[in-house]
Amino acid sequence: MAAKGKGEGGRRSLNFNVGILGHIDSGKTSLAKALSSVASTASFDKNPQSRERGITLDLGFSSFSMPVPAHLEGGGYEDVQVTLVDCPGHASLIRTIIGGAQIIDFVILVVDITKGIQTQTAECLVIGEITCSHLMVVLNKTDLTEESKRDAHISKMTKRISKTLESTAFSGALVVPVAAKPGGPDAPPSQTAHGIDNLVQVLSSKVFVPERSASGPFVFSVDHCFPIRGQGTVMTGTVLSGSVALNDTIEIPFLKVTKKVKSMQMFHKPVQTAMQGDRVGICVTQFDPKQVERCLVAAPGYLPTLEAGIAQVHKVSYHKFPCTTGAKFHVTIGHETVMGKATFFSGPLPVNREFDLEAEYPFLEELPDSKTKVAEAKAGSDKEAAEGHGHRERETNSEPATQESHYALLEFEKPVTCLPDSIAIGSRLDTDVHIHRSHCCSYT
Ligand SMILES: Nc1nc2c(ncn2[C@@H]2O[C@H](COP(=O)(O)OP(=O)(O)OP(=O)(O)O)[C@@H](O)[C@H]2O)c(=O)[nH]1
């Protein structure tokens with residue numbers, strides 16, 4: 001079923017989530033600003049901690065709408081509502097990127113033309129490969145190149161980036177030049193961005209109808225929570241699966257609290273329902289917003305809290321360290337990162353992803369290198385996976401199901417509430433000093 005939200009005056013909008021990734025200072029926030037007309041509550045580095053550190057610490061959300069492109073005409077859509085997710089660029093904030101990336105239909109990878117591909121650009125490519133099938137590169141800060149040689153410079157850098165992309169799942173991706181904030185921070189507000197109209201046109205030609213469904217249990221990823229005087233507490237976030245309507249009862253599993261949905265808004269407009277892929281603010285009453293930062297909210301009783309889980313794993317090609325059984329990793333699932341001990345083993349892909357508890361699976365001292373680039377795998381307890389609880393079907397870059405796959409039994413240091421079948425990344429965040437190396441190690 002197509003993704004249809006209610007737009008202005010009851011019109012149906014096609015919601016399309018675009019993640020903006022890239023190295024620190026490449027111009028992600030400036031690009032989001034240049035692209036957006038309507039800013040939502042969480043947008044543009046409003047977080048005071050983020051302003052202090054001068055980097056985007058939190059996911060910023062903003063949006064703009066554009067006409068339905070020719071290739072989607074006749075699909076019953078009045079407009080396309082593009083939600084921009086401005087993802088942070090700092091490597092140790094991989095958790096936040098994953099939290100945002102799980103809801104992203106399309107990735108814009110921002111590259112500073114004066115710097116080219118940088119460490120975190122490469123990391124963002126890895127994360128893009130794990131979480132999304134569609135990507136384009138935006139070559140930013142073109143104003144910093146000498147005008148007489150600009151075209152040649154853009155063409156040279158485009159070739160270089162395209163060459164890098166050849167060895168990834170994004171071979172052939174478009175590279176679009178812009179100057180999101182010509183003149184940089186000191187430029188007068190009257191200075192407008194360059195190349196944005198062209199970028200919107202290119203993006204428009206790439207928009208597709210994401211596979212989404214209102215069926216299945218409701219799961220909502222909360223990124224901000226704040227009080228509104230006289231109304232209650234608002235949780236803003238993105239619907240990961242199912243749908244929600246006014247007066248529905250929802251649960252905040254880690255607090256074991258249930259609440260009724262009092263009202264809802266999408267980009268400042270009241271709505272009665274929201275479904276998978278929608279960004280929405282949900283208002284509940286008698287709930288202290290300080291209790292919640294990032295979390296998952298769901299239909300009562302749906303989300304499991306796991307002390308251990310089995311995950312199909314692949315070693316990310318950039319990772320140089322061995323992944324040995326018994327090693328501890330920072331395991332990032334949704335918005336949470338917990339320490340987990342891995343025990344690796346191999347075996348055929350289980351039928352319906354249900355492990356045969358009577359069967360013996362070969363133990364692995366060390367996880368072998370993945371023969372493929374980056375591919376998708378699923379996590380969750382085997383039981384939940386076997387029950388096939390529906391969640392968003394994503395287009396992936398996954399390798400075809402092989403006879404022999406690798407798995408990890410992950411024992412968590414503290415219980416994690418997570419979506420069955422969610423993507424996880426195992427990393428060694430303590431290797432920050434080796435920032436030139438990718439932190440990604442294996443993911444499930
Ligand atoms: N000259 C020039 N400067 C730019 C352009 N785009 C962004 N900048 C400047 O580059 C710096 C970083 O821009 P941001 O938009 O904050 O970059 P970011 O990638 O969101 O940064 P983080 O959130 O820290 O990862 C700022 O000083 C911007 O003013 C551009 O097109 N031209």
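Q: What is the mean pLDDT of the protein?
A: The model is predicted, and pLDDT expresses the predictor's confidence in each residue on a scale from 0 to 100. In this protein 75% of the residues reach 70 or more. The mean pLDDT is 76.

Q: Among contacts between residues at least 6 apart in sequence, what percentage join residues at least 24 apart?
A: A contact here requires heavy atoms within 4.5 Å. Among the contacts in the protein between residues at least 6 apart in sequence, the share joining residues at least 24 apart is 74%.

Q: Are helix 1 and helix 6 roughly parallel or roughly perpendicular?
A: Helix 1 spans residues 28-35 and helix 6 spans residues 196-206. Their axes come within 10 Å and cross at roughly 85°. Because angles of 65 to 115 degrees count as roughly perpendicular, helix 1 is, relative to helix 6, roughly perpendicular.

Q: Which residues of helix 6 make the contact with helix 1?
A: On the side of helix 1, the contact is made by Leu31, Ala34 and Leu35. The residues of this contact divide into six nonpolar, no polar and no charged. On the side of helix 6, the contributors are Ile196, Leu199 and Val200.

Q: With which residues is Lys206 in contact, leaving aside its neighbours within four places in sequence?
A: Lys206 lies in helix 6 and is partly exposed, with a relative accessible area of 38%. The C-alpha atoms of Lys206 and His71 are separated by 9.3 Å, although the two residues are 135 apart along the chain. Leaving aside neighbours within four places in sequence, the contacts of Lys206 are Phe16, His71, Phe106 and Leu174.

Q: Which residue has its backbone oxygen 2.6 Å from a polar atom of the side chain of Arg212?
A: Arg212 lies in the loop between helix 6 and strand 9 (219-228). Its relative accessibility is 2%, so Arg212 counts as buried. The backbone oxygen at 2.6 Å from a polar atom of the Arg212 side chain belongs to Asn15.

Q: At what distance does the side chain of Thr168 reach the backbone nitrogen of Phe170?
A: Thr168 lies in the loop between helix 5 and strand 8 (175-177), and with a relative accessible area of 3% it is buried. A polar atom of the Thr168 side chain lies 2.7 Å from the backbone oxygen of Leu165. The side chain of Thr168 also reaches the backbone nitrogen of Phe170, at 2.9 Å.

Q: How far apart are the C-alpha atoms of Leu246 and Lys262?
A: Leu246 is placed in the loop between strand 11 (243-245) and strand 12 (249-252), where it is partly exposed at a relative accessible area of 28%. Leaving aside neighbours within four places in sequence, Leu246 is in contact with residues including Val261, Lys262 and Ser263. Leu246 and Lys262 are 16 residues apart in sequence, and their C-alpha separation is 6.1 Å.

Q: Is Lys141 buried or partly exposed?
A: Lys141 is found in the loop between strand 7 (135-140) and helix 5 (150-166). Its phi is near 70°, a positive value in a residue other than glycine. Because buried means under 20% relative accessible area, the 21% relative accessibility of Lys141 makes it partly exposed.

Conventions
Residues are numbered from 1 along each chain as its sequence is written. This is a predicted model: local features need pLDDT of at least 70, side-chain atom pairs count only at pLDDT 80 or more; totals for chains, interfaces and linings use all residues. Side-chain values use heavy atoms; hydrogens and water are left out. Axes are lines fitted to C-alpha atoms, for helices over the stretch in contact, and angles run from 0 to 180 degrees between N-to-C directions. Helices (H or I, at least four residues) and strands (E, at least two) are DSSP runs, numbered from the N terminus. Angles under 35 degrees count as roughly parallel, over 145 as roughly antiparallel, 65 to 115 as roughly perpendicular and the rest as oblique. Ala, Val, Leu, Ile, Met, Phe, Trp, Tyr, Cys and Pro count as nonpolar, Asp, Glu, Lys and Arg as charged, and the others, Gly among them, as polar. Buried means under 20% relative accessible area, exposed over 50%, partly exposed in between (1.4 Å probe, protein chains only). A polar contact is a pair of N or O atoms within 3.5 Å; within protein, one must be able to donate a hydrogen and the other to accept it, and residues adjacent in sequence count only if both atoms are side-chain atoms.
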